[in-house]
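This note is written for a colleague meeting the structure for the first time. Please keep the sequence and the model open while reading.

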Amino acid sequence: MIADIFTVASKELREIFTFGDARGRSKFSLLILILIFGIVIPMQNGRDWVESPINIMVWGWMPFLWVSGIVADLFAGERERHTLEALLATRLSDGSILFGKLLAALTYGFTLTWLIMLASLVTINIGFGREGLLFYPLELTLGALVFSILISGLSASIGVLVSLRAGSVRQAQQMMSAGMLVLFLPFMLMQFIPEGWRDAVGNILLNIAPVQAAVGIALVLLIVESILIVIARRLFQRSKLILD
Amino acid sequence: MNAIQTDQLTRSFGNLKAVDRLTLEVPRGTVFGFLGPNGSGKTTTIRLLLGLLDADAGSAQVLGFNTRTQADEVRVRCGALLEHHGLYERLSAADNLDYYGRIWHMSKADRENRIRELLERLDLYKRRDEPIGRWSRGMKQKLAVARTLMHHPELIFLDEPTAGLDPVASATLREDLASLVVQEGVTIFLTTHNLAEAEKLCTQVGVINHGQLLAVGSPAGLRARTSAPRLYITGQDITSQVVDSLHSNLLVKKLQQRNGALVIDLNDLARSHEIVAQLVEAGVKIDEVRKERVDLEDVFLQLVEEERGGEE
């Protein structure tokens, strides 16, 4: 099964990196993402872009954006282009198809995040590293490593469930975008609550030990993802998919 | 041992019986044509045989494996070209085949050799590195056939392989299929509503409508079993009295007039000269007399008509 998962994942990654995503963006769109998030924004932010531990929020959530852009295509797109039925008629198990696609989405989110982090590091060192080489703090590096995997996995598992329900890639992408809005809603609503309350929330957050908070969030993400993957595994069955 | 054996196989969708008590045997090494109009249950039968759908009742064995309990074993040994070609249009022809070769755990060298062999045979090798999105439908269908054969399956399912192709592309694909059948020695289960295709390719034919198997046998056997020998006569002065007199002749099983010609199904084709003599005596100026070969289309229409008659 492991070999089958890698077979499916490598084909998906080949399609993504060579030909772009469901929105028809070419491989040059990857370069544009790297240009914006790896050069333009770091240049605007200066040394803080690399050194501030708060940027773990940025590196943690970025994969959600990348993965949500492709995951709908991996499932709903395969069904829409009528390639899924041919795949279901092969010797591949349901699980190896599902996990192969999840692995591809996860690898894509993880790889893109780290490519952008690397580009950012080079940019900041060229632009602001006159006093010596600048590196990400260890806690940020480890946090980005863990969260880029977990958030990619979260986005991928939500995407699978959405794709299984959606009638088309477009519908799946719309549902993913709506889901993303819901996830970011608490942050957006922060500016509308009274200043006193905001300060109180800020104080609570500042008093939480960052490592403990990160571990707690990681555990919650892991549990949520596990539940989502179990549900996806139950829904992703030949006899159901063939009739969609 | 039969490649396919079903016993009272049944599958419904709501109130619709897509496959209704299908009992069928397909010997190994044959090209079996499954004929039926759209919506007759052909695709559902293939899905049941591949274990992609569960049957409501009855059972099926494919290559000796039960499709309900050993579906994985069935799919390991079969290839399938289903309703849509299912190729990845952003990938090249070689990459499409390579992917399926990897799915079947073929080694790199085996995959390369097999890709070359199949694509050369189908005259696609020179274009192996092109993304197939720009290819014609006929070329894609040929590539999809190659994909089903990639892993040397014992049995392949082809669901309407020439549907939607122009006549030239259909004829080319049929020729390619015919030669592949000989070279690969594979059992083929082919669904089609193209009767000429079935005549050309199939050694055995089954006719299905409303999920029920109406008849099964060789194309020639079916023609002999379901239709009388036929006489085709064109001429002048074929009056209604002449037609009436033919109707009363015991040799005549069925009489139709098509575009001014007489189409007569006889009980005994060897006595066709008696019909000609009767017409000459009645003053008909005969232009042409032809003993016409009844084609599978007539057989098919007759079977469907009989089924309708049975229902009424």
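1. Basis of the note. This is a predicted model, in which local features need pLDDT of at least 70 and side-chain atom pairs count only at pLDDT 80 or more, while totals for chains, interfaces and linings use all residues. Residues are numbered from 1 along each chain as its sequence is written, and chains are lettered from A and ligands numbered from 1 in the order in which they are written.

2. Chain B overall. Chain B holds 11 helices and 14 strands; helices (H or I, at least four residues) and strands (E, at least two) are DSSP runs numbered from the N terminus. The C-alpha trace of chain B spans about 75 × 45 × 35 Å along its principal axes. Of its 312 residues, 42% count as buried. Here a residue is buried if 20 or more other C-beta atoms lie within 10 Å of its own, exposed if 12 or fewer, and partly exposed in between, with C-beta atoms placed from the backbone. Among contacts in chain B between residues at least 6 apart in sequence, 70% join residues at least 24 apart; two residues are in contact if their C-beta atoms, placed from the backbone, lie within 7 Å.

3. The open sheet. In chain B, 4 strands form an open sheet in the order β2-β1-β4-β5, with antiparallel pairing. Two strands pair if DSSP finds at least two bridges between them. The edge strands of this sheet are β2 and β5 (65-66) of chain B, each pairing on one side only. Strand β1 (residues 2-13) is joined to β2 (residues 16-27) by 8 bridges, and B:T6 has B:L24 as its bridge partner in β2(B). These two strands form a hairpin with 2 residues between them, where B:G14 in the turn has a positive phi of about 65°. β1(B) also pairs with β4 (residues 57-62) over 5 bridges, again in the antiparallel sense, and B:T10 stands opposite B:A57 there.

4. B:G41 lies in the loop between β3 (31-35) and α1 of chain B. B:G41 is buried, with 25 other C-beta atoms within 10 Å. Not counting residues up to four places away in sequence, B:G41 touches B:A18, B:V19, B:G36, B:I208 and B:G211.

5. Helix α3(B). Is this helix enclosed or open? 10 of the 11 residues of α3(B) are buried, so the helix is largely enclosed by the rest of the structure. The buried residues include B:D95, B:D98, B:Y99 and B:Y100. Just after α3(B), B:H105 takes a positive phi of about 55°.

6. A helix pair in chain A. The axes of α4 (residues 56-80) and α6 (residues 94-128) of chain A come within 8 Å and cross at roughly 140°. Ala, Val, Leu, Ile, Met, Phe, Trp, Tyr, Cys and Pro count as nonpolar, Asp, Glu, Lys and Arg as charged, and the others, Gly among them, as polar.

7. Between the chains. 19 residues of chain B are in contact with 16 residues of chain A. On the side of chain B that touches chain A, α2 (71-77) and α3 (93-103) each supply at least two residues. That side has 11 nonpolar, 2 polar and 6 charged residues.

Definitions and conventions: Axes fitted to C-alpha atoms, helices over the stretch in contact; angles between N-to-C directions.
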